Amino acid sequence: MRLLIRWLGYLLVAAGFVALVLDGARAIANGHLRFTTLGDVLAALLHDGYRSLGSMIASNLHPVLWDPILLSVMPVPAALLALALGFVLLWLGRAPEPRIGIVTRR
C-alpha cells in the first residue's frame, strides 16, 4: 500500500511541476501571470460534465460539500494543489523509523 501511495505522490509532484512550467511559459509568452486553476483543469477534462458536476455532487453526496467547500477550492492554482497533495502523499508513504535501539548507520 505504501508503494501505491508513494507512486501516486510522485505522479502528483511531477504533474504539479509540469503545470508550473506550463504556467510560467504562458506567462512569458503573454506578458502577464495567470495560473491554471483547478476549475480550468476540471473543465478541460470533463467538458460538458463540468456543468452538471455541482448538481450531481449536491444531490448524491451533500449540498454543503459543493457550495462552500468545493467552490472555494476551484480557484486554487492546479500546480499548487498537485504539489501539496503529492508531498503529503510522499510523507504518508515514507518508510517507518526504527522504534527501538540505536541506529549507528546514518
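Helices α1, α2 (38–46) and α5 (78–92) each contribute at least two residues to the lining of the largest pocket. Helices are DSSP runs of H or I with at least four residues, numbered from the N terminus. The model is predicted, so local features need pLDDT of at least 70 and side-chain atom pairs count only at pLDDT 80 or more, while totals for chains, interfaces and linings use all residues. Residues are numbered from 1 along each chain as its sequence is written, and side-chain values use heavy atoms, with hydrogens and water left out.

**Largest pocket**
- The space in the largest pocket is about 160 Å³; a volume is the space filled by probe spheres set on grid points, which are joined across faces, edges and corners.
- A pocket is an open set of points on a 1 Å grid over the protein atoms alone, where a 1.4 Å probe fits, with protein on both sides within 12 Å along at least five of seven lines; lining residues have an atom within 4 Å of a point.
- Residues lining this pocket include Leu 12, Gly 16, Leu 38, Val 41 and Leu 85.
- By class, the lining has nine nonpolar residues, one polar and no charged; Ala, Val, Leu, Ile, Met, Phe, Trp, Tyr, Cys and Pro count as nonpolar, Asp, Glu, Lys and Arg as charged, and the others, Gly among them, as polar.

**Asp 23 and Thr 36**
- Asp 23 lies in helix α1 (residues 2–30), and Thr 36 is in the loop between α1 and α2.
- Asp 23 counts as buried because its relative accessibility is 2%; buried means under 20% relative accessible area, exposed over 50%, and partly exposed in between (1.4 Å probe, protein chains only).
- Thr 36 is also buried, at 17%.
- The side chains of Asp 23 and Thr 36 form a polar contact of 2.7 Å, that is, a pair of N or O atoms within 3.5 Å, where within protein one must be able to donate a hydrogen and the other to accept it, and residues adjacent in sequence count only if both atoms are side-chain atoms.
- The Arg 26 side chain makes polar contacts with the side chains of Asp 23 (3.2 Å) and Thr 36 (2.9 Å).

**Largest nonpolar core**
- Leu 38, Leu 53, Ile 57, Trp 66 and Met 74 form this core of five residues; a nonpolar core is a set of buried Ala, Val, Leu, Ile, Met, Phe, Trp, Tyr and Cys residues joined through side-chain atoms within 4.5 Å.

**His 47**
- His 47 sits in the loop between α2 and α3 (53–60) and is exposed, at 57% relative accessibility.
- The phi of His 47 is positive, near 50 degrees.
- Most residues other than glycine have a negative phi.
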